[in-house]
Amino acid sequence: QIFNQHNAKAPNLEEAFHRMAQMEPNLDHDVSWFLLPSYWAKMVVALISFLCFANSYDGDFVFDDSEAIINNKDLRAETPLGDLWYHDFWGSKLSSNTSHKSYRPLTVLTFRINYLFAGGFYPVGFHVINIILHCTISVLMVDVFSILLGGLQFSNKGRRLNLAPKSSLLAALLFAVHPVHTECVAGIVGRADLLCALFFLLSFLGYCKAFRENKEGQTFSVFWVLVSVVLGAIAMLCKEQGITILGLNAVFDALVINKINLLELIRKLLYKDKALEHAGLLRKGLLFRITLLMCGGAGILYIRWRIMGTGPPAFTEVDNPASFADSLFVRAINYNYYYSLNAWLLLCPWWLCFDWSMGCIPLIKSVSDWRIIALAALWFCLIGLICQALCSEDSHKRRILTLGLGFLIIPFLPASNLFFRVGFVVAERVIYLPSIGYCILFTYGFSLLSKQAKKKKILAVAVLGILLINVMRCALRSSQWRSEEQLFRSALSVCPLNAKVHYNVGKNLADKGNQSAAIKYYREAVRLNPKYVHAMNNLGNILKERNELHEAEELLSLAVQIQPDFAAAWMNLGIVQNSLRRFEEAEQSYWTAIKHRKKYPDCYYNLGRLYADLNRHIDALNAWRNATVLKPEHSLAWNNMIILLDNTGNLAQAEAVGREALELIPNDHSLMFSLANVLGKSQKYKESEALFLKAIKANPNAASYHGNLAVLYHRWGNLDLAKKHYEVSLKLDPMAPGTKENYNLLRRKLEQLQKKGG
């Protein structure tokens, strides 16, 4: 509803507007709920939304945060800001074949600001911003729901009236405490959805402002329509779903501003009714505004298409198996099943999982599958709601149901697989915006029940119970998102058939040094998905370290057979073959890895080790030099160059390489130690001593550092200090090779000196 009146003699115009609104159907007449002033309603919503997710503030970087934040070079100051506009969300070039084409430069910009203000990768600042964003969005939802549920009406002073304060508060609370939002709030990568939602809502509210009558008596403002388009574009630059607000603004305009009856309009279009021009389509500038929205949307999409390139994102079958099915029937039936699962997550958000791919949801391949019931239930409900939205005699009911369905379905369309393949099966984060539609439908359903119920208080208590359960579920789920171990383990009971869940649990255990337990989960991941090359690669690595070389070779050979361009598996296969002393095969594997990943410093490092074992010293030095060119901070490659040159008597060259390395990595104590050894052999004792002492200060418990410094003092003739450091070295490592013999030699020399002195 939109209404504007001017009456200078009215003693209290706002009361008059409220009385006039009460003549229209209103949800608040039937809703048994709390009535709070607007300010207090927003305070309550902000506080409760904060309580739901406050315990996530000091969580770690988990799951996708590693790739999107820690490993994303776009966050660092040395990356030009302009590069953000040509890179995807993960820091890869949009033109790359491996890019997922997720174009969210404004979200990445906020991560970069977080990183710069924090002075590094400290997750607290990132989490706090996410919590603040969700609280802000939840507060804005009070205003949005007051319009969607109560209509749009202004006082003569241009102040928007809240005609459904109780209903809008209930709907905003439902939104604020919905557990399915946990991934967006507690997972830092979810900021894309939060920022998108923020500008999505601001675009909607800006569009509503366009209908506040101005002093010139114009019925709408072109300026505010254009502002809403710009805000929609900003929403899309945060996440792709943002563009859908332009379609929703058009729906809102048609239903609320122009009060078009869709069924009546369809009939007139079908029968070419001459009265079509009076049906509201051309009234109040609707056609002009929709043209503006369409042109704006088309322009935004065209610019994005030009930046992104024409190639579709590269996804694999494990990401979205239904989209790779040959049968159109299988694709359609599974897509609809995924929709029913999303609907169930909104209705009953108890079983939540960080990842729903890789066998978590087996494909439906025939109509005899019992899960077909879920599809039937979904479409039975949707068709029933659509019929009521189109055919009901009650215009108020038609409007609310159509808006509820619009906000439920339209923001979900980019994730529906209808227009393009998406890289997931089910993702909780993509129903952050569609949950607005769910909250509208829930609140409307509650009002209908309240109208029929004799004991309204019992119904209100039941809804309070639902809100309380959701708050507790949010707090529990937020705590699971605090660390990868808790997050991954929480998924085992929800998706036991998901190979990726077992892989991530195994990887987390391996990172903590629990290799035996990690092997168990990696084996289960491979059992569930016999083509899971990353699980094979990681399992092969652990078996290699445990000297179970033959099984490691089998796994890695199978991995490269399944995925011939898997560079990491080729390199690891080379390491295993080197350990088995099959040097020619190892060399071939290393070069195959480099062929598939040209800039692969670790592979050049391992290739250099192979050449060193074969006494091909020049080739080894060249390989290690390549590693340091590609990765100047590659300490192991620098160290091996220094040691090899030292061992072959090239002390001057070893010294030059050592000094070059320390300029690039000035705080690396292992490089200080290697260079100190070279300087000692070159009889540059003072400089060698300084480097040894600096290395010992950085790593005081390294027995070899004390032992070699003792050797330096021994050569230098500083026998007391030599004795002191030999003793420290032997205390740290009584079995240190050569140290005990050198210490005994020193003691005998000291005894001889004492006898001579005596």
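This is a predicted model: local features need pLDDT of at least 70, side-chain atom pairs count only at pLDDT 80 or more; totals for chains, interfaces and linings use all residues.
Visitor: What volume does the largest cavity have?
Guide: Grid points are joined across faces, edges and corners, and the volume is the space filled by probe spheres set on them. For the largest cavity that gives about 110 Å³.

Visitor: How many charged residues are in the lining of the largest cavity?
Guide: Lining residues have an atom within 4 Å of a point, and here they include Asp64, Asp65, Glu183, Asp193 and Arg429. Asp, Glu, Lys and Arg count as charged, Ala, Val, Leu, Ile, Met, Phe, Trp, Tyr, Cys and Pro as nonpolar, and the others, Gly among them, as polar. The lining splits into five nonpolar, two polar and, for charged, five.

Visitor: And how many nonpolar residues line the second largest cavity?
Guide: This cavity has a volume of about 40 Å³, and Tyr338, Phe412 and Val430 are among the residues lining it. There are two polar residues, no charged ones, and the nonpolar count is nine.

Visitor: What area do domain 1 and domain 2 bury between them?
Guide: The assignment, automatic or from a database, gives domain 1 (37-308) and domain 2 (321-478). Contact (heavy atoms within 4.5 Å) links 48 residues of domain 1 with 43 of domain 2. Buried area is the accessible area (1.4 Å probe) that two parts lose on being put together, summed over both. Carbon and sulfur atoms carry 76% of the total, about 4200 Å².

Visitor: Which residue meets Glu183 in a salt bridge?
Guide: A salt bridge puts a side-chain nitrogen of Lys or Arg within 4 Å of a carboxyl oxygen of Asp or Glu. At 3.1 Å, N to O, the partner of Glu183 is Arg429.

Definitions and conventions
Residues are numbered from 1 along each chain as its sequence is written. Side-chain values use heavy atoms; hydrogens and water are left out. On a 1 Å grid over the protein atoms alone, a cavity is a set of points where a 1.4 Å probe fits but cannot get out, and a pocket is an open set with protein on both sides within 12 Å along at least five of seven lines; lining residues have an atom within 4 Å of a point.
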